[in-house]
Amino acid sequence: MSKPGLLLLDLGGCEGCSLSIIRVLPQLSRIVEVYSRYTGNLDLKQKYDYAVLTGPICLNSGDHIEMLKKIREQTNTLLAYGSCASVGGIILYARGGQEPRPEHRVYAPLSRIVKIDYAVPGCPPAPQMLITLLNHIKQGRGFFLDLFKAVASIHKLSGFDLMDEVVLPGLCVGCGACVLSCPTQALHVIDNHPDLIPEKCIRCGTCTVRCPRFSQILIRRYLRTSIQQNIMGGSR
Amino acid sequence: MIAYQPIVLDPDKPLGNYIVVYDARTRDQRVRERKKTGGGAVTSFVIYLIEKNIVDAVVVARRKKGLVGEIVVARSAEEILSTVGNRWSVVPYTLKLREILSSSNIRRVVFVGLPCQAQFLKQMKMFPLMESDFSSKIYLIISLFCMGTYAIEGFIDYMKRTYSIKAEDIVDIHVAGDKLVVKHSSGVLEIPISETLYYLQHGCLTCPDYTGVFSDLSAGMSSKPGYTLLIVRNKLVDKLLHEAETHGYLELEEASTESIEYVINKSREKMRKAYEYLSHIL
Ligand code: SF4
Ligand code: SF4
Ligand code: SF4
């Protein structure tokens with residue numbers, strides 16, 4: 001049986017995600033047939049089983065939006081990989097000058113334009129992440145897959161949401177997962193519960209999917225398949 | 001390597017995925033002397049892992065004073081023994097923990113925590129979102145059964161107001177049937193658990209996980225007196241447990257249907273309540 005085809009494409013951003021993926025290219029090539037700039041066989045015209053897109057989409061860039069829509073049509077499973085592609089990330093703060101040029105400044109996670117199947121925060125996700133994720137997608141089911149599926153239907157997710165949805169409503173149990181997960185130390189513990197230092201939050205979303213309470217809320221709220229309604233209590 | 005397994009939180013599978021369930025108890029004199037309730041099997045197991053150099057450190061919570069706890073990175077049997085006892089609050093993992101674990105002479109770590117902590121540790125291990133994560137060092141995740149933890153300030157205040165017991169005078173708290181048994185410096189107090197429900201953490205009321213389905217090994221009080229119920233979720237843990245038994249650290253027997261039914265009922269009950277509560281607040 002031939003390996004499934006996977007398109008790797010960076011839409012802009014800092015290249016951190018690309019670098020992280022390049023580091024597992026050999027492993028990746030063992031499970032899928034990779035098509036990308038790095039492997040010299042980028043082809044935006046063919047159909048793919050998977051597409052792994054990194055970087056955000058600029059809402060003022062017609063070409064990119066059309067390209068994204070076309071990729072969606074041609075692809076079975078579309079992954080928004082890394083914080084910018086999945087939840088906006090630090091590029092939400094960008095004020096022009098980045099790719100795609102020229103002075104475009106309205107960046108958004110890919111889910112604003114097309115339907116995404118799995119959205120993975122992380123700035124950037126550790127290299128091994130992509131391999132684990134693809135292996136799980138092949139096998140089909142599980143809590144964490146559901147979580148990344150749920151993230152695919154939202155347009156923002158950050159420390160601010162963690163405060164609004166979990167900490168301030170009193171749902172935080174003080175486990176410390178968010179604090180351990182924040183790459184910029186924007187969260188610190190005060191009286192056993194986290195507090196956000198707003199200027200330090202790069203809106204990467206990592207803390208939210210690591211929080212046991214927030215992940216539960218995300219699945220419950222955004223994953224509306226019939227199984228999930230059963231599992232998460234919709235009909236019980 | 002631990003194989004991929006889909007992890008589910010599903011009322012039809014209240015204990016999650018597992019391969020075998022044991023009733024176990026310690027055979028280690030050091031643990032027998034210290035333990036308060038249960039079978040002491042987890043303590044014995046992690047002491048085995050440390051003493052045979054299978055792991056370099058055990059991350060576990062210890063009660064400091066009153067109900068306040070701290071996370072310790074234990075590297076010897078003595079340090080592990082100092083953590084024996086019941087815990088009534090979540091002790092947050094901190095940046096300091098990450099710092100300690102980044103040391104190059106710590107390569108393999110066992111975590112003993114609550115189901116909520118097992119969840120993110122497993123995510124860290126399986127789906128590393130950050131390179132600075134200590135994912136590669138997480139060797140085993142052990143989760144202790146959890147019905148919920150108290151919001152410390154509220155609970156302490158309640159004990160003081162209602163029973164004139166100060167936090168620093170509390171020696172031990174454990175559950176016996178539907179009573180909370182509080183041992184304190186001048187006696188023993190029994191209060192119905194129902195009376196203390198207001199002082200549970202709000203977030204625990206939405207928590208559906210009693211045993212810790214994300215862990216490699218779940219452990220807690222068995223319905224068989226003097227035993228710890230062990231839910232083994234993969235072959236590696238099973239192998240290590242049998243080795244610990246061979247070396248005389250603990251004894252294992254396959255759990256009876258009654259022991260398993262008991263924990264299934266508790267898990268179902270917690271899940272049901274959590275989903276009911278969640279549907280009120282979302
Ligand atoms: S608080 Fe930290 S982890 Fe959370 S979104 Fe902000 S930067 Fe990311
Ligand atoms: S991860 Fe969630 S529950 Fe845990 S401390 Fe952070 S906000 Fe609280
Ligand atoms: S009830 Fe759940 S959230 Fe609360 S401490 Fe226990 S495992 Fe953690």
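Predicted model: local features only at pLDDT ≥ 70, side-chain atom pairs only at ≥ 80, totals over all residues.
## Two chains and the ligands they hold

Between chain A and chain B the count of salt bridges is zero, although 11 residue pairs, both partners at pLDDT 80 or more, are in polar contact across the two chains.

**Where chain A meets chain B**

- On the side of chain A, 53 residues are in contact with chain B, and they meet 45 residues of chain B.
- The two chains bury about 4400 Å² between them, and 63% of that area lies on carbon and sulfur atoms.
- Within chain A, the residues that lose the most area to chain B are A:Phe144, A:Leu180 and A:Arg210, which together account for 19% of what that side buries.
- Several helices of chain A give two or more residues each to the side that touches chain B, namely H5 (128-139), H6 (143-151), H8 (177-181), H9 (206-210) and H10 (212-222).
- Sorted by class, that side of chain A has 28 nonpolar residues, 18 polar residues and seven charged residues.

**Around ligand 2**

- Ligand 2 is surrounded by 13 residues, and the closest of them are A:Cys172, A:Cys175, A:Gly176, A:Cys178 and A:Cys211.
- Helix H7 (159-167) and helix H8 of chain A each supply at least two residues of this shell, and H7 of chain A gives the most, with three residues.
- By class, the shell around ligand 2 has 11 nonpolar and two polar residues, while no charged residues belong to it.

**Around ligand 3**

- Ligand 3 lies between chains A and B, and the residues around ligand 3 include A:Val173 and A:Arg213 from chain A, together with B:Cys116, B:Cys146, B:Cys204, B:Cys207 and B:Lys270 from chain B.
- The shell around ligand 3 has eight nonpolar, two polar and two charged residues.

**Aromatic pairs**

- Over all chains, the structure holds 14 aromatic pairs, and one of them is formed by B:Tyr93 and B:Phe120, an edge-to-face pair with 5.7 Å from centre to centre and 70° between the planes.
- This pair links distant parts of chain B, 27 residues apart: B:Tyr93 is in the loop between helix H3 (77-81) and helix H4 (95-101), whereas B:Phe120 is in helix H5 (residues 115-126) of chain B.

Definitions and conventions
Residues numbered from 1 in each chain as written. Chains lettered and ligands numbered in written order. Heavy atoms only, no water. Contact = heavy atoms within 4.5 Å. Buried area = accessible area lost by both parts, 1.4 Å probe. Salt bridge = Lys/Arg side-chain N within 4 Å of Asp/Glu carboxyl O. Polar contact = N/O pair within 3.5 Å; in protein donor to acceptor, adjacent residues only side chain to side chain. Helix = DSSP H or I, 4+ residues; strand = E, 2+ residues; numbered from the N terminus. Nonpolar A, V, L, I, M, F, W, Y, C, P; charged D, E, K, R; others polar. Near = heavy atom within 4 Å. Phe/Tyr/Trp six-rings, centres within 6.5 Å; stacked < 30°, edge-to-face > 60°.
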